[in-house]
Amino acid sequence: MRTFFLCVLLSTIFFSSCDHISVMDLSVTQIKCNNVENPSGTGNYPSLSWIATSGIRGMRQTAYQIILDSAVKDLRSEKDCIWNSGKISSSESSWIPYSGPELQSGTKYFWKVRIWNNS
């Protein structure tokens, strides 16, 4: 009976740790604009880049979405943003061309990227 409880306990720990891994499977790091983090100028149609990282072997990006706005609150809510690329099926994450309306000089812009993985 003691062996049974030990097996149940070990199984519970094993499966709960596997579930935790799936939550943190893929993340975005080193977000850059024209290959610079937090640039002071970008031009009217910059290129955007990021690095997708994972601690799980074989995990990779399969799609992305870029959202850009001049107000952080709108960017967070994703309402009425200047540009939303929509979900794009692609593993690319370097030198993605901005294809929204022309950016205005002297205006501060914020952007974020959402990625999907192969599972």
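Residues are numbered from 1 along each chain as its sequence is written, and side-chain values use heavy atoms, leaving out hydrogens and water. Because the model is predicted, local features need pLDDT of at least 70 and side-chain atom pairs count only at pLDDT 80 or more, while totals for chains, interfaces and linings use all residues.

**The core**

A nonpolar core is a set of buried Ala, Val, Leu, Ile, Met, Phe, Trp, Tyr and Cys residues joined through side-chain atoms within 4.5 Å. Buried means under 20% relative accessible area, exposed over 50%, and partly exposed in between, with a 1.4 Å probe and protein chains only. The largest such core here has 15 residues, and those with the most contacts inside it are Trp-50, Tyr-64, Ile-66, Trp-111 and Val-113. Strands E2 (47-53), E3 (61-69) and E7 (110-117) are the elements that give two or more residues to this core; strands (E, at least two residues) are DSSP runs, numbered from the N terminus. In soluble globular proteins, nonpolar side chains tend to be buried together.

What does Ile-66 contact, leaving aside its neighbours within four places in sequence? With contact meaning heavy atoms within 4.5 Å, its partners include Leu-48, Trp-50, Trp-83, Ile-96 and Trp-111.

**The rings**

Rings of Phe, Tyr and Trp (its six-membered ring) pair if their centres lie within 6.5 Å; planes under 30 degrees apart count as stacked, over 60 as edge-to-face and the rest as tilted.

| Pair | Centres apart | Planes | Type |
|---|---|---|---|
| Tyr-45 and Tyr-98 | 6.1 Å | 35 degrees | tilted |
| Trp-83 and Tyr-98 | 4.9 Å | 80 degrees | edge-to-face |

Ring pairs link Tyr-45, Trp-83 and Tyr-98 into a cluster. Tyr-45 lies in the loop between strand E1 (27-33) and E2, 53 residues apart from Tyr-98 in the loop between strand E6 (96-97) and E7. Trp-83, in strand E4 (residues 83-84), is 15 residues apart from Tyr-98. Tyr-98 counts as buried at 4% relative accessibility, and so does Trp-83 at 11%.

Gln-65 sits in strand E3 and is buried, with a relative accessible area of 10%. A polar contact is a pair of N or O atoms within 3.5 Å; within protein, one must be able to donate a hydrogen and the other to accept it, and residues adjacent in sequence count only if both atoms are side-chain atoms. The side chain of Gln-65 makes one of 2.9 Å with that of Asn-84 and one of 2.6 Å with that of Arg-114.

Methods:
Helix = DSSP H or I, 4+ residues; strand = E, 2+ residues; numbered from the N terminus.
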